[in-house]
Every structure is written in C-alpha cells, then in structure tokens.
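Morning, everyone. Please have the sequence and the model open while I talk.

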Amino acid sequence: MKLREKNPALILVDVQKAFLEEDYWGGNRNNKNAEIICGEILGKWRELNLPIFHIRHSSTNPQSKLNEQNKGFEFNENVLPEKNEPVITKNVNSAFIGTNLKEQLDGLGIKTVVIVGITTNHCVSTTTRMAGNFGYETYIISDATATFDRIGINGEKYSSEIIHLTTLANLSEEFATVWDSEKLLNEI
C-alpha cells in the first residue's frame with residue numbers, strides 16, 4: 001500500500017526566512033538544504049493533490065526574528081503557500097496549541113500526517129509529539145528538518161547534528177516513524 005492511499009497531510013512547520021540567520025539561533029546549522037527538500041516534498045504533495053498545511057511561528061517578542069514585523073516572519077521562498085493552501089499562525093511551539101489545526105485535520109478525516117520544518121528540537125518535535133499523542137499515524141522526515149548548536153545546562157556545547165539526531169531518536173517509534181526524504185518520496 002502506498003502512503004498516498006492514506007491521504008496523508010503534509011505539515012510544514014515554521015519554514016520561515018528567520019532560520020537562515022544561523023548565528024541568531026546558535027550557529028552551525030545542520031541540514032542546510034532542509035528548505036529545498038521541504039520544497040521538493042511540497043511539490044510532490046501538490047502533484048498528488050494531497051492536503052497541505054503551512055504553519056508559521058509569530059513570536060510575541062518584538063525583537064524576535066520571528067515577530068511578524070520582521071522580515072524573518074515570511075515563509076522561505078522554497079515553500080511559499082498557494083492561495084488554496086491553509087496557513088496557520090501559532091505563538092507557541094506546538095502547531096496544535098491555540099490553532100484550529102486538529103479541527104481542520106479531523107474535519108478532512110485525516111489520520112496520517114507527515115511533518116517537516118524547523119527546528120527539529122523545538123516546534124517540529126513538539127508538534128510531532130502532540131500528533132502522536134492525538135493518535136495520528138505520524139512521520140517525521142529527517143533531512144527536511146534542521147537545528148542549531150545548543151549550550152547545555154552546564155555551559156557545554158552540543159553540536160546541531162547531535163541535537164538533531166538525539167531529537168529524532170527520542171521521537172522514533174514512540175511518537176513517529178522517522179524517514180528520510182528519499183524513503184518518503186519512494187513510499188508516497
């Protein structure tokens with residue numbers, strides 16, 4: 001059975017221009033082609049006429065690169081929504097909190113979701129965890145998400161790739177199935 005037969009929704013989480021400013025977020029971003037890969041997946045979803053949801057983060061902090069007054073709030077050019085595609089704006093990490101995403105998914109009878117976006121360990125992880133908890137058959141696409149270096153609680157530095165891989169390991173099989181884009185595009 002092809003994944004497309006399950007009418008999977010593509011949820012693009014925070015694929016916004018702000019995340020091109022590496023230093024602001026901690027530097028050393030992994031998966032520098034994540035937005036391009038998100039765009040390729042989005043193209044396939046459009047080709048197959050499958051449901052698509054664009055999520056964007058609107059920070060309430062006026063200094064944030066993700067505040068709607070800043071250019072970073074805009075969607076990345078690789079994933080610009082088309083007129084008929086829903087755009088959902090959130091103010092917290094989860095695309096399900098303070099939005100009608102769940103109602104829209106349920107209204108369309110969607111039981112399967114594929115999640116891509118930025119950052120792996122923040123909004124993508126939180127949205128993936130909630131999707132799994134809500135009972136959706138959830139997939140997260142490893143090379144269509146990215147993150148940055150993080151400073152630990154004792155001042156130690158963790159590389160973006162370690163943060164990315166451990167986040168995916170934490171999500172795998174408990175909250176979601178982790179695939180790369182090649183596997184997804186073969187299975188869809």
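I will go through the sheet, the helices, the cores and then some backbone details.

First, the ground rules. This is a predicted model, where local features need pLDDT of at least 70 and side-chain atom pairs count only at pLDDT 80 or more, while totals for chains, interfaces and linings use all residues. Residues are numbered from 1 along each chain as its sequence is written, and side-chain values use heavy atoms, leaving out hydrogens and water.

Helices (H or I, at least four residues) and strands (E, at least two) are DSSP runs, numbered from the N terminus.

Now the sheet. Strands of a sheet pair through backbone hydrogen bonds, either parallel or antiparallel. Here we have an open sheet of six strands, in the order 3-2-1-4-5-8, with parallel pairing. Two strands pair if DSSP finds at least two bridges between them. Which strands stand at the edges? They are strand 3 (87-90) and strand 8 (177-179). Each has a single partner strand, so one side of each lacks a neighbour in the sheet. The twist averages 25° from one strand to the next.

Look at strand 1, residues 9-13. Four bridges join strand 1 to strand 2 (residues 52-57), and the two run parallel. Leu 10 has Ile 52 as its bridge partner in strand 2, and Leu 12 has His 54. Strand 1 also pairs with strand 4 in the parallel sense, over five bridges. There, Val 13 is partnered by Gly 117.

Is strand 1 covered or open? It is mostly covered: five of its five residues are buried. Buried means under 20% relative accessible area, exposed means over 50%, and partly exposed is in between (1.4 Å probe, protein chains only). In a regular strand the side chains alternate between the two faces of the sheet. In strand 1, Ala 9, Ile 11 and Val 13 are on one side, with Leu 10 and Leu 12 on the other, and all are buried.

On to the helices. Axes are lines fitted to C-alpha atoms, for helices over the stretch in contact, and angles run from 0 to 180 degrees between N-to-C directions. Contact means heavy atoms within 4.5 Å. Helix 2 (residues 34-47) packs on the sheet, touching strand 1, strand 2, strand 4 (112-118) and strand 5 (137-146). Helix 5 lies across strand 5 and strand 8, at about 175° to strand 5.

The axes of helix 4 (residues 120-133) and helix 5 (residues 160-171) come within 10 Å and cross at roughly 10°. Therefore helix 4 and helix 5 are roughly parallel (angles under 35 degrees count as roughly parallel, over 145 as roughly antiparallel, 65 to 115 as roughly perpendicular, the rest as oblique).

Next, the cores. A nonpolar core is a set of buried Ala, Val, Leu, Ile, Met, Phe, Trp, Tyr and Cys residues joined through side-chain atoms within 4.5 Å. The largest has 22 residues, and Ile 11 and Phe 53 are among those with the most contacts inside it. A second, separate core of 20 residues includes Val 15, Leu 42, Val 114 and Ile 188.

Last, the backbone. Most residues other than glycine have a negative phi, and most peptide bonds are trans. The bond from Ile 118 to Thr 119 is cis, with omega near 0°. Thr 119 is in the loop between strand 4 and helix 4. Asp 14 has a positive phi of about 55°. Asp 14 is buried, at 1% relative accessible area. Asn 28 also has a positive phi of about 55°, but Asn 28 is partly exposed, at 43%.
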